[in-house]
Amino acid sequence: MREIAFIKQNKEKWLEFELAIFGKAKKNPDELANLYIQMMNDLSYAQTYYPKSKTVVYLNHLASQIYQKIYKTKRAEKNRFMEFFKTEVPLLVYEYRRYLMYSFVLFFITVAIGLISARYDQNFVRLILGDGYVNMTLENIKKGDPMAVYGTGSNWGSFIGITMNNLYVGARCYIYGIFGGIGTFYISLQNCIMLGSFQYFFYEQGVFWKSVRGIWIHGSMEIFAIVIETSAGFILGASILFPKTFSRVNSFKIGFKNSFKIFLSTFPFTISAGFLEGFITRYSIDMPNWLSSFIILFTLSVISYYYLVYPYIVYKKTQPLSAKLT
């Protein structure tokens with residue numbers, strides 16, 4: 001069968017699938033499962049006979065959305081909070097994994113820009129961080145505690161203030177994606193260039209390792225979360241710019257719903273980073289090297305596993321069910 005005939009034959013059925021996805025046509029779990037079976041059959045056929053066509057992309061996206069809706073129905077009597085982090089977010093991260101890759105590429109490039117700029121322009125760090133902060137840090141370095149800024153204020157006050165600020169930065173990074181991803185790109189650019197120049201500043205002053213032991217105790221989760229929030233902002237922007245076979249409105253609805261869930265998933269990590277910065281980082285100068293290194297590696301491992309490894313594991317676990325349904 002020619003592709004155009006295949007599309008013409010099934011387009012009414014696919015429209016029904018879309019209505020079920022957007023909640024405009026209410027379906028019980030059995031009906032949804034039946035729709036999923038039909039969708040997987042159509043997808044298998046398209047993958048066989050039109051492997052490089054946009055039809056395969058369209059059907060694969062519909063199938064993933066129906067699958068998520070089935071699981072959402074099955075989870076109604078379960079712990080919604082646990083299932084959100086255990087299954088729903090990892091599947092979304094896997095589905096949008098290329099945006100995570102884009103975010104990491106942007107992160108490393110812009111951090112490198114900050115490093116190189118600070119290396120070849122002595123005034124760059126002051127331009128980015130401000131004279132007041134640079135002068136204060138230089139004084140702290142002379143006193144032997146380059147991370148002294150983290151010891152100011154009370155533990156709880158620092159924790160709350162830092163966490164609220166980090167949540168605000170993450171929210172801007174995500175929400176500004178509504179401007180076609182350009183706003184997200186700008187916020188990420190600012191933060192990453194600042195990070196690169198900030199880290200080079202300590203290297204130039206000969207206290208690089210001390211700065212790493214302090215900054216990255218909380219920075220592993222904080223910075224990683226910003227990368228994830230950047231990817232969520234790009235997903236939001238892409239849903240507007242590249243609607244594919246959906247209308248732009250429906251594409252935005254799907255993009256917003258899915259990207260917002262990914263954005264929400266960063267909250268526990270951002271809050272944890274705020275806790276570490278408020279209660280632990282201030283003591284980094286007195287910690288043995290092995291302890292600060294362990295905290296850094298452990299926190300980095302936890303968030304890396306959740307966003308880079310676990311989504312693939314969850315995705316692979318869902319495949320047997322898909323095979324049974326088809």
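**Note on helix packing and cysteines**

1. The crossing of helices α8 and α12 is right-handed, and this, like everything below, is read from a predicted model. Helix α8 spans residues 155–175 and helix α12 residues 267–279, and the two pack at an angle of about 145° with their axes 8 Å apart.

2. On the α8 side of this contact stand N155, W156, S158, F159, I162, T163, N166 and L167, which meet F267, T270, I271, G274, F275, E277, G278 and F279 of α12. Sorted by class, the residues of the contact of α8 with α12 comprise eight nonpolar, seven polar and one charged.

3. A second pair is formed by helix α10 (residues 208–241) and helix α11 (residues 248–265), whose axes lie 7 Å apart and pack at an angle of about 175°; α10 is therefore roughly antiparallel to α11.

4. In this second contact, I228, E229, A232, I235, L236, S239, I240 and L241 of α10 meet R248, S251, F252, G255, F256, S259, I262 and F263 of α11. The residues of the contact of α10 with α11 divide into 10 nonpolar, four polar and two charged.

5. On the cysteines, the structure holds zero disulfides. The sulfur of C173 has its closest cysteine sulfur in C192, at 8.1 Å, which is too far for a bond, given that a disulfide requires the two sulfur atoms to be within 2.5 Å. Both cysteines are classed as buried, C173 with a relative accessible area of 1% and C192 at 4% relative accessibility.

Technical notes:
Residues are numbered from 1 along each chain as its sequence is written. This is a predicted model: local features need pLDDT of at least 70, side-chain atom pairs count only at pLDDT 80 or more; totals for chains, interfaces and linings use all residues. Side-chain values use heavy atoms; hydrogens and water are left out. Axes are lines fitted to C-alpha atoms, for helices over the stretch in contact, and angles run from 0 to 180 degrees between N-to-C directions. Helices (H or I, at least four residues) and strands (E, at least two) are DSSP runs, numbered from the N terminus. Angles under 35 degrees count as roughly parallel, over 145 as roughly antiparallel, 65 to 115 as roughly perpendicular and the rest as oblique. Contact means heavy atoms within 4.5 Å. Ala, Val, Leu, Ile, Met, Phe, Trp, Tyr, Cys and Pro count as nonpolar, Asp, Glu, Lys and Arg as charged, and the others, Gly among them, as polar. Buried means under 20% relative accessible area, exposed over 50%, partly exposed in between (1.4 Å probe, protein chains only). A crossing is left-handed if the near helix is turned anticlockwise from the far one by less than a right angle, and right-handed if clockwise.
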